[in-house]
Amino acid sequence: MLKRYVLVILFCVVWLIAPALEAFACDYCILSTGISPLDTIKGSGVRINSRYTLMDKTYKGTEEIKTAGRPKEEFWTTEITGFFGVTEDITLLGVVPLKKNKARGHLHVHEDGEIEVEGIKGNESGLGDIAVLGRFSMLRRHTLDSTTVVAVLAGVKLPTGSTDGRTEAGDEYLDAHMQLGTGSTDLLLGLSASHAVQRLTLMANLLGAVTTQGTSGEQEHQYGNVLNYDMGAKYRVYPGQIAPAGTQLFLAMSVNGEVRERETNKGVEDKNSGGHTAYLSPGLQLVLAQRWVIEASYSQAVYHNLYGAQTGERFKTNAGVTYLF
């Protein structure tokens, strides 16, 4: 009984630190993934998930550096995802993101390498870039004590978010990553695999974007190609023996990250963009009556290797609720 109470309290704590109703993502590039984004959800349903990202540290390569002043950027993203099972192996998905971006200070790197934190403030909220995708389970193998699933995902991200957000003073455009959209139509590709043996499930997920030229303010801008990865496991702590239509509680732990190529502005490569950030992400998943799936996770940034000098992530919080029809 004590073990159950501790698990319930832990779940509530993680749930409360999430700012609203998936795990890691490029908050200004592509959609997110969750504890089990592609391999366990099948059929049709609706998912609402939200994440909060705090960026308030400055990095040059792998080294955190001190600056006169401290930039602070915050991102809230709530995604509404509808998915429809055409067949047992084919699922269509539509993702509508609602975003709120907030900046208090902007990191500017001069041509001579001097780093300055400008006193720029900005707030943008509204619709982000909508994505339409298809998922195909190319392998689904069941035995008496194990299940293996391999799925591929492909789709397109549309330029539905605005790219003309300005600072609070209104005298200049906000930086590209503070805009609600990218102004570009990008190709999304993903791969997911899971192997469940009794109470343990091993998972691996890849989700990438091949970008095209977009806009930021009044100038051409293109994000570098992006690859998100996630490798982890979840363990069913309740019940000990699986029961049809019963409640299930999982603990999850994963190592995930994001690799980005450099961006270009008006065709010129931005040396202070792109790089690799990795996170350690504990999480929880609760399945109720085979209809509801509730997830929450916390992602602590544990490794940065950023090109040039950039503002880097401190942590992300994530939570989601799925209802299966």
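What follows is a short chat about a predicted model of one protein chain.

Biologist: What should I know about the model before we start?
Modeller: It is predicted, with local features needing pLDDT of at least 70 and side-chain atom pairs pLDDT 80 or more, while totals for chains, interfaces and linings use all residues. Residues are numbered from 1 along each chain as its sequence is written, and side-chain values use heavy atoms, leaving out hydrogens and water.

Biologist: How many helices and strands in the protein chain?
Modeller: There is 1 helix and there are 17 strands, taken as DSSP runs numbered from the N terminus (helices H or I, at least four residues; strands E, at least two).

Biologist: What share of the residues is buried?
Modeller: Of 325 residues, 49% are buried, meaning under 20% relative accessible area with a 1.4 Å probe, protein chains only (exposed is over 50%, partly exposed in between).

Biologist: Which residues make up the largest nonpolar core?
Modeller: That core has 10 residues: Phe 83, Leu 93, Val 95, Ala 131, Leu 133, Leu 153, Leu 188, Leu 207, Ala 209 and Leu 324. A core here is a set of buried Ala, Val, Leu, Ile, Met, Phe, Trp, Tyr and Cys residues joined through side-chain atoms within 4.5 Å.

Biologist: And which residues does the second core include?
Modeller: Met 55, Ala 103, Ile 120 and Leu 174 are among its 6 residues, and this core is separate.

Biologist: Changing topic. Arg 51, buried or exposed?
Modeller: Arg 51 is buried, at 2% relative accessible area. It is found in β1 (residues 45-61).

Biologist: What does the side chain of Arg 51 contact?
Modeller: The side chain of Glu 79, through a polar contact of 3.4 Å. The term covers a pair of N or O atoms within 3.5 Å; within protein, one must be able to donate a hydrogen and the other to accept it, and residues adjacent in sequence count only if both atoms are side-chain atoms.

Biologist: How does β12 pair with β13?
Modeller: Antiparallel, over 12 bridges; strands pair if DSSP finds at least two bridges between them.
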